[in-house]
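Here is a short briefing on one protein model. Read it with the structure open. The points are grouped by topic.

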Amino acid sequence: MSVRQDVFYMARAIQLAKRGRYTTDPNPRVGCVLVRNNVVIGEGWHVKAGLGHAEVEALKNVHDTQGATVYVTLEPCSHHGKTPPCCDALIKAGVSRVVAAMQDPNPQVSGRGLAKLKAAGIEVSCGVLQEDAIALNRGFIKRMTENRPFVRSKLAMSLDGRTAMASGESKWITSAQARADVHRLRAESSAILTGINTVLADDPALNARVAWDVVQPVRVVLDSGLNMPVTARMAKLPGRNLILTCSRDDQKQQALQEIGFEIYQLADKNARLDLHAVMNFLAQQQINEVLVEAGSILNGALLSEGLVDEWVVYMAPCILGDQGRGLFSLPGLQQMADKKQLKLLDVRQVGQDLKLTYTPIP
């Protein structure tokens, strides 16, 4: 196969992998294409954790795979998990070549799958459309390599940078189209993170209301003092509700556990939750991608600690005035030299609003 053909078929494999964008957690999104004599003979993608991996799905309905080339967006696994190793299935199928977009980021298995295929006499290539494959699984990669999830914060503001009126009223700053786009972001996420002040003010549901199959994100509330009301709306919804706290009030903890909340005590920093400990804990919970939907205090703290990988800001064509609430609480910023710098990645219109995507500048 030529380089051009490798890129063509790998692009198709990445396209297939994206079909698992909302359902594969905590596993990575993976697609696979089988090609022989420049003809696609099989395709597959990982649909859900516990079900067949992309390679196995691609092989499933193909009777003769002898001499085929396999294009897969992630190095085939070489270990037994919930399913048998994909390497063994490919070797048994008699394929002659495997092209992977990237190695498995898990340091315990990275490279072993490719080595096993080489040892079986299969030609191996790696790195075709690697950047596209990395973008597809940013959270899984970050969890495997840095022991924390990929964190994206969603913010909505007026033209004058306000998130709500002085009273706290904020529904609705943005258009229905922008709010629908937020539900898509929720559906992509493993967890939605907020602070107790947002829960007390808005009583949010924090679920993805979309028209397609989705693994609902875990709801995570940072509640240092265990002030979560037992009447909270999210307690009545299906799925996991986690409260992370540094309080040791057993009575409050028991009352919340009785209505279904999972309570975890983590390290504190200046009487508030240590946000680095929070991210490490979420990684231990196999959470790949976190969407932050919070107020200025938590967003300011996350910005200060450098824990947000991507900021998504919806800017509405309205003015809320100088008494409105701001995006970030950053009391430590006194001089222009202290400013927090962001890099603009993308601008697009969603309904009447602008969707601005930023990444922090180290």
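Two strands count as paired if DSSP finds at least two bridges between them. Strands S7 (residues 191–195) and S13 run parallel and are joined by 3 bridges, so they count as a pair. The model is a predicted one.

- Strand S13 covers residues 289–292.
- Both of its faces are covered. Glu-289 and Leu-291 are buried on one side, Val-290 and Val-292 on the other.
- Strand S6 (residues 150–157) also runs parallel to S13, and 4 bridges join them.
- Leu-291 in S13 is the bridge partner of Arg-152.
- Leu-291 is also the bridge partner of Ile-192.

**The five-stranded open sheet**
- An open sheet is formed by 5 strands, in the order S2-S1-S3-S4-S5. Its pairing is mixed.
- Strand S2 (39–45) and strand S5 (123–126) are the edges, and each pairs on one side only.
- On average, neighbouring strands of this sheet are turned by 15 degrees against each other, direction ignored.
- Within the sheet, strand S3 (residues 69–72) pairs with strand S4 (residues 97–100) in the parallel sense, over 4 bridges.
- Tyr-71 has Val-99 in S4 as its bridge partner.
- Helix H1 (residues 3–17) lies across strand S1 (31–36), S2, S3 and S4. The helix runs at about 145 degrees to S1.

**Gly-324 in its loop**
- Gly-324 sits in the loop between strand S14 (310–315) and S15.
- Is Gly-324 buried or exposed? Its relative accessible area is 9%, which is under 20%, so Gly-324 is buried.
- Leaving aside residues up to four places away in sequence, Gly-324 touches Arg-162, Ala-164, Met-165 and Ala-166.
- Ala-180 is 144 residues from Gly-324 in sequence. In space, the two are 24 Å apart, C-alpha to C-alpha.

**A nonpolar surface patch**
- Which residues make the nonpolar surface patch? Leu-344, Val-347 and Leu-354 do, and the patch is about 230 Å².
- Val-347 belongs to strand S15 (residues 342–350).
- The relative accessible area of Val-347 is 44%. Patch residues need over 30%, so Val-347 passes that cut-off.

Technical notes
Residues are numbered from 1 along each chain as its sequence is written. This is a predicted model: local features need pLDDT of at least 70, side-chain atom pairs count only at pLDDT 80 or more; totals for chains, interfaces and linings use all residues. Side-chain values use heavy atoms; hydrogens and water are left out. Patches are made of residues with over 30% relative accessible area and no salt bridge: like charges are joined within 9 Å, nonpolar side chains (Val, Leu, Ile, Met, Phe, Trp, Tyr) within 5 Å. Accessible areas come from the Shrake-Rupley method with a 1.4 Å probe; for residues, only the protein chains shown count as cover. A salt bridge is a side-chain nitrogen of Lys or Arg within 4 Å of a carboxyl oxygen of Asp or Glu. Helices (H or I, at least four residues) and strands (E, at least two) are DSSP runs, numbered from the N terminus. Buried means under 20% relative accessible area, exposed over 50%, partly exposed in between (1.4 Å probe, protein chains only). Axes are lines fitted to C-alpha atoms, for helices over the stretch in contact, and angles run from 0 to 180 degrees between N-to-C directions. Contact means heavy atoms within 4.5 Å.
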